[in-house]
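Dear colleague,

Please find below the structure that I am handing over to you, together with its sequence. My findings follow directly after it.

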Amino acid sequence: MSAKHPQPNFSHAQVVEMVKRLFRLTPSEIRSLPSYDDQNFYVVPIEGGEYVLKIMNSEDSKNSSLIEMQTYAMSILHQNGLPTQTALPTASGQLMSLEEADCGYGCQKYLVRLLTYLPGTTISKVPLTPQLLYETGKTAARMDQILQKMEHPHLGVLQREKFKWSLSNVPLLEAYINILEGDPLEEVVKSVMHQYKTSVIPKRSNFRRCINHGDFNYLNVLVQPDESDGHRISGILDFGDMNSGYYIHELAIVIMYMMLEHPQPIEVGGPVLAGWESVLPLNEAEKDCLYVLVLSRLCQSLVLARHAVTLHPENAEYLMLSSRRGVHILHQLWELGKEQVEKAWFQSAAQFRDKL
């Protein structure tokens, strides 16, 4: 039962009680925020400030070391000038609390944190100008650079060898591929997975290792207006997919998710790549694998979202966000082919750099 219903379902009254008891704060406003498999609440206490109460699902709550590591990473990035949330200690001085409750599926335990609220709107709601895409690539590279220097006794928990969202684990999609049976998408996904096995895995030893955020998507990046009628990045959210990986994985993830929000997806790669390489220029193996890695992440997103809908049909609208345009983009990139897409991305990146 617990594995089937790990998502918390706390009532507003339970949230008020929890915030008062754990943090000695009295909420004057509470509203629910969207989440893939946790439960998030925007909280404004009468004592001042704005926060997000994050209640982890019961499965992830079993791994407190991983949540501790994510919380620490957010703190390190914040200290280094990146706009991340930080955790408010409980009245007893802890950065998280394990709460036992019955959300309708029997008594289960959920890790609870109160995080600072970051202002801004999701990047999905503003025009993705070349300059904003450049800043997105640059910010993601800076983030991974800082994370790679991080020291912590629990760093080993980020070696998530069976984590299905890691770009190191694309072959794990085979366990879910039957969900596409009879769908034209099935053949493309199988072809991309074959390309991954034959062209990415043999070159992986030449990739540079790092710690990945792993989910730098259009809902996890916040922006605010800047002085030049554009936007600047004001927040990086959700470190739940952090894992030991490679710099090139993060770049592929950023390009893939930004393509989903752009009217001309092929035009995204150049500015993001230029921003990334202003911090971390790619080596030859990384350049050669970027196209297949972007497609691989798109396959992960489409297949795993469909699988999640079978488990949580009530969350279908949120879970299928990436699928609205993802299928079309996957077909488009696959039909254009590696040579043409790479040419568009790398030439555009060079032209963007020349203008700076």
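In this predicted model, three strands make up an open sheet, ordered S7-S9-S10, with antiparallel pairing. Strand S7 (121–122) and strand S10 (231–236) are the edge strands, each of them pairing on one side only. Strand S9 (residues 221–225) runs antiparallel to S10 and is joined to S10 by 5 bridges. Within this part of the sheet, Leu222 has Gly235 in S10 standing opposite. Helix H3 (residues 130–148) lies across S9 and S10, and the helix runs at about 35° to S10.

I then turned to the aromatic residues. The count comes to 5 aromatic pairs. One of them is formed by Tyr42 and Tyr117: the ring centres are 4.8 Å apart and the planes stand at 65°, so this pair is edge-to-face. The pair links distant parts of the chain, 75 residues apart, with Tyr42 in strand S2 (residues 39–45) and Tyr117 in the loop between strand S6 (107–116) and S7. Tyr42 counts as buried because its relative accessibility is 6%, whereas Tyr117, at 26%, counts as partly exposed.

Tyr134 and Phe352 form an aromatic pair that is stacked, at 5.1 Å from centre to centre and with 25° between the planes. This pair also links distant parts of the chain: Tyr134 belongs to helix H3 and Phe352 to helix H10 (residues 338–355), 218 residues apart. Tyr134 has a relative accessibility of 8% and so counts as buried. Phe352 is likewise buried, at 12% relative accessibility. Helix H3, which lies across S9 and S10, is thus also the helix that contributes Tyr134 to the link with H10.

Finally, two arginine residues are placed over aromatic rings. The charged end of Arg31 sits over the ring of Tyr42, at 4.1 Å from the ring centre; Tyr42 is the buried residue whose ring also pairs with that of Tyr117. Arg160 lies over the face of Phe163, 3.9 Å from the centre of the ring.

With kind regards

Key. Residues are numbered from 1 along each chain as its sequence is written. This is a predicted model: local features need pLDDT of at least 70, side-chain atom pairs count only at pLDDT 80 or more; totals for chains, interfaces and linings use all residues. Side-chain values use heavy atoms; hydrogens and water are left out. Two strands pair if DSSP finds at least two bridges between them. Helices (H or I, at least four residues) and strands (E, at least two) are DSSP runs, numbered from the N terminus. Contact means heavy atoms within 4.5 Å. Axes are lines fitted to C-alpha atoms, for helices over the stretch in contact, and angles run from 0 to 180 degrees between N-to-C directions. Rings of Phe, Tyr and Trp (its six-membered ring) pair if their centres lie within 6.5 Å; planes under 30 degrees apart count as stacked, over 60 as edge-to-face and the rest as tilted. Buried means under 20% relative accessible area, exposed over 50%, partly exposed in between (1.4 Å probe, protein chains only). A charge sits over a ring if NZ of Lys or CZ of Arg is within 6 Å of the ring centre and within 35 degrees of the ring normal.
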